[in-house]
Every structure is written in structure tokens, then in C-alpha cells.
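Here are some friendly notes to read alongside the structure. Keep the model open as you go, and look up each residue when it comes up.

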Amino acid sequence: MSTPAYAAATPKAPLAPWTIERRAPGPHEVQIEIRYCGVCHSDIHQARDEWGRGIFPMVPGHEIVGEVGAVGSAVTRFKVGDTVGVGCFVDSCRECGSCKEGEEQYCTGGMTATYNSVERGTRTPTYGGYSTRIVADENYVLRIPASIPLDRAAPLLCAGITVYSPLRHYGLKAGDRIAVVGLGGLGHMAVKIARAMGAEVTVLSTSPAKREDALALGAHAFEATADKSTFRKLAGQFDFILDTVSAPHDYNAYLGLLHRDGTMILVGMPDQPVPLGAGALIMGRKRLVGSLIGGIRETQEMLDFCAEHEVASDIELIPVEKINDAYERMIKGDVRYRFVIDCATF
């Protein structure tokens with residue numbers, strides 16, 4: 001099926017209209033008519049080949065929501081008309097320990113990313129959600145609860161699960177004190193989800209101008225980290241720190257804000273190594289850990305949790321022809337808090 005899309009033809013090229021061929025669904029596959037696709041900062045990194053190993057032409061997009069348009073002959077989980085989504089990956093080896101335990105994101109054979117990857121078996125490139133339809137195995141498709149506005153549900157499939165997974169895994173509970181570092185696409189979801197889990201949430205940001213937004217999103221407090229006295233004032237105050245920042249910054253300073261046995265979780269990935277002093281961990285028996293999205297089972301759990309607690313992403317809906325402008329605005333931090341493409345505009 002010829003399918004309209006937007007693609008980067010070469011590294012660093014502006015995205016432009018392109019046509020891709022989507023196959024008819026196989027026996028265990030569903031065809032999804034895409035309504036909305038979120039714009040993740042990793043789309044920029046990959047479309048500009050900043051992480052290397054880019055496959056071009058590239059159609060980005062891994063925050064995909066829409067309706068089932070067709071199903072394969074053996075599909076049992078979905079029917080035509082169901083509201084569904086696809087996140088960061090569309091397949092995995094299904095045989096390793098991680099896959100069998102529902103942690104497909106850590107597949108030792110390598111998960112098949114929704115775009116900029118190759119399909120198992122055929123080795124054909126995968127193309128993402130900056131398009132009008134996608135075909136995926138039913139085992140890697142999520143059901144979107146009806147109570148979540150569909151355009152605001154799209155970013156949950158990356159930003160939402162990226163922050164939900166470590167909070168669940170490392171045991172955030174009601175009454176815990178957590179600091180969220182950075183108030184962007186990830187940070188704003190972290191505030192909402194941690195608050196829904198019953199935690200006491202403080203936002204830490206270099207930008208004092210974000211104070212009002214942080215409190216409106218549900219944070220109990222806001223502190224500006226450009227003021228170095230903040231680190232003295234908050235020393236030893238938090239049970240958890242969720243660090244969403246991808247720019248280089250001083251992990252040692254933030255570790256000083258943890259209480260004894262506290263945990264600092266990295267979900268942002270700076271492009272340069274960050275120095276770490278052993279004393280920052282030893283003096284207080286602290287943990288510095290990392291986390292990558294979540295598996296299919298946990299992502300569905302996250303969607304159901306968000307539906308129950310009325311959590312959704314704050315978005316700016318854009319026509320697809322504005323995608324290059326959106327990229328430039330994202331780099332400048334000029335979005336509150338996630339761009340979402342209206343795929344009816346293709």
C-alpha cells in the first residue's frame with residue numbers, strides 16, 4: 001500500500017514529503033490508521049544522524065496512536081475500529097530471558113525499533129509514525145483507554161513509559177520525596193505520574209521561569225538550580241531523584257540531595273561522559289541507576305494507570321508541514337511540552 005509520509009532523505013536534510021510502501025497485514029499483524037504521532041527529541045538525533053548508524057531515507061516517529069483498519073487472519077487481540085498505539089519498538093527476539101520476562105526493551109538479541117531499524121527475517125527498513133498507516137505484530141500493539149484524549153495519549157508511548165517504568169521498578173510509593181530534574185517532555189510527565197503515585201514532588205530546573213508551570217502540573221515545590229545555594233538548602237532531602245536532562249551536568253551535586261539509601265535514576269542521556277566521584281555514592285550508601293522505556297506489559301499498565309488517574313501529556317498539535325519548525329523549536333526548548341503531529345494533515 002502506497003502510504004504518504006515525511007522523511008529525512010539524507011543525514012541532516014530537512015524532512016520532506018515521501019511515499020513508503022506498507023505491506024498488507026500478515027496473519028498475526030494489524031494495520032493501524034495513524035491519527036496522531038508524537039515528536040520525540042530522539043527523532044531529531046536520529047534524523048540528523050547524531051547517534052550514527054542511521055538508515056536513510058528515514059521516517060521518524062515512535063509515539064503512534066490511531067485505529068485498527070485491518071487485521072490478519074490469526075489476530076485475536078484486536079478488531080477493526082479498536083483504538084490502539086505503537087511505541088518505541090515493534091518486535092524483539094521473543095526467546096531471551098528479557099523477552100520472556102516481559103522486558104522486551106532489554107532484548108539481548110536487540111529489539112526492532114519502530115523506525116531506523118530492520119525487520120527480523122526480511123531485513124527491510126522500518127519506517128515510523130510520520131506517516132498515515134503502519135503494520136505491526138499484535139503482540140507489540142497497545143490498547144489506548146477511551147478516557148485519554150487520543151492526541152494527548154501519543155507521547156505516553158515514549159515519554160510516559162520512560163518515566164513510569166523506573167518509578168515502578170525502583171519502588172516509588174506514597175509519601176516518598178522525589179525531585180524531578182528538568183521540566184521538558186519527560187519531566188512534565190514525571191511530575192504528573194509521580195504525583196499520581198502519591199509522592200511529594202519537587203521540580204529542579206535551571207530556569208526560574210518554569211516555576212509556575214511546575215506547580216500547575218502538580219509539583220509541590222520548585223527550586224532553581226542556577227542558584228548554587230539550592231544544593232546546600234536541599235542537601236539530603238530526597239528519597240529519589242529522576243534526572244531527565246540530556247545535557248551534561250554535575251551528577252555529584254545532585255547525588256548530594258539524596259537521603260541515605262536514596263536512588264538517583266537517569267533517563268536523560270548526555271552526549272558526553274559525566275565525571276562521577278565515588279564519594280558521592282559511598283557517603284550515604286546511595287544508588288545511581290538508569291532506565292530505558294518499558295516492555296509491552298508495563299506500557300499497557302502505564303496507559304491504564306494514566307486513564308485511572310486522568311493523566312495525559314500537555315501538547316501542541318501541529319500539521320505535518322510544520323515538523324522542521326518544530327524541530328528547531330524543540331532544540332530551543334520552545335514547546336510546552338510535546339509536539340504531536342495531526343496525521344490528517346498529510
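**Notes on the fold and some local details**

1. Let's begin with the whole chain. Of its 346 residues, 54% count as buried. Please keep in mind that this is a predicted model. The chain holds eleven helices and 17 strands. Its radius of gyration is 20 Å, close to the 20 Å that the globule rule gives for 346 residues, so the chain is as compact as a globular protein of that length. Along its principal axes, the C-alpha trace spans about 60 × 40 × 35 Å.

2. Next, contacts and surface. Taking contacts between residues at least 6 apart in sequence, 67% join residues at least 24 apart. The chain exposes about 14,700 Å², and carbon and sulfur atoms supply 52% of that area.

3. Which residues touch the most other members of the largest nonpolar core? In this core of 55 residues, they are Leu-167, Leu-172, Ile-178, Val-191, Ile-193, Val-201 and Leu-242. Leaving out residues up to four places away in sequence, Val-191 touches Val-180, Leu-183, Val-201, Val-203, Ala-214, Leu-217, Gly-218 and Ala-219. Another core, of 36 residues, lies apart from the largest one, and Ile-44, Val-59, Tyr-127 and Ile-134 are among its members.

4. Now find helix H4, residues 159–169. Nine of its eleven residues are buried, so H4 is largely enclosed by the rest of the structure. The buried ones are Ala-159, Gly-160, Ile-161, Thr-162, Val-163, Tyr-164, Ser-165, Pro-166 and Leu-167. They pack against strands E10 (177–181), E13 (238–243), E14 (258–266) and E17 (338–342), as well as helices H5 (185–196) and H10 (296–308). After H4 comes Gly-171, with a positive phi near 85 degrees.

5. Strand E8 (residues 133–137) is worth a look too. Five of its five residues are buried. Both faces are covered: Arg-133, Val-135 and Asp-137 lie on one side, with Ile-134 and Ala-136 on the other. E8 pairs with strand E3 (residues 29–38) in the antiparallel sense, over five bridges.

6. Is Thr-202 buried or exposed? Thr-202 sits in strand E11 (residues 200–205), and its relative accessibility of 7% makes it count as buried. Not counting residues up to four places away in sequence, Thr-202 touches Ile-178, Ala-179, Val-180, Ala-221, Phe-222, Glu-223 and Phe-238.

7. Compare that with Met-111, in the loop between helix H2 (97–100) and strand E7 (112–113). At 27% relative accessibility, Met-111 counts as partly exposed. Met-111 and Phe-89 are 22 residues apart in sequence, while their C-alpha atoms are 6.5 Å apart in space. Beyond residues up to four places away in sequence, the contacts of Met-111 include Phe-89, Asp-91, Arg-120 and Ile-293.

8. How many disulfides does the model have? The count comes to zero. A disulfide is a covalent bond between the sulfur atoms of two cysteines, and the cut-off used here is 2.5 Å between the sulfurs. The sulfur of Cys-88 has its closest cysteine sulfur in Cys-158, 3.8 Å away, which is too far for a bond. For Cys-37, the closest cysteine sulfur is that of Cys-343, at 5.9 Å, again too far for a bond.

9. Finally, some backbone details. Most residues other than glycine have a negative phi, and most peptide bonds are trans. Asn-116 is not a glycine, yet has a positive phi of about 55 degrees. Asn-116 lies in the loop between E7 and E8 and is buried, with a relative accessible area of 14%. Ile-293 also has a positive phi, about 30 degrees. Ile-293 is in the loop between strand E15 (287–290) and H10, and is buried at 7% relative accessible area.

10. There are cis peptide bonds to find as well. One joins Phe-56 and Pro-57, with omega about 0 degrees. Pro-57 is in the loop between helix H1 (41–47) and strand E4 (64–71). Another joins Arg-336 and Tyr-337, with omega about -5 degrees. Tyr-337 lies in the loop between helix H11 (323–331) and E17.

Note on methods. Residues are numbered from 1 along each chain as its sequence is written. This is a predicted model: local features need pLDDT of at least 70, side-chain atom pairs count only at pLDDT 80 or more; totals for chains, interfaces and linings use all residues. Side-chain values use heavy atoms; hydrogens and water are left out. Buried means under 20% relative accessible area, exposed over 50%, partly exposed in between (1.4 Å probe, protein chains only). Helices (H or I, at least four residues) and strands (E, at least two) are DSSP runs, numbered from the N terminus. Two strands pair if DSSP finds at least two bridges between them. The radius of gyration is taken over C-alpha atoms; the globule rule is 2.2 Å times the number of residues to the power 0.38. Contact means heavy atoms within 4.5 Å. Accessible areas come from the Shrake-Rupley method with a 1.4 Å probe; for residues, only the protein chains shown count as cover. A nonpolar core is a set of buried Ala, Val, Leu, Ile, Met, Phe, Trp, Tyr and Cys residues joined through side-chain atoms within 4.5 Å.
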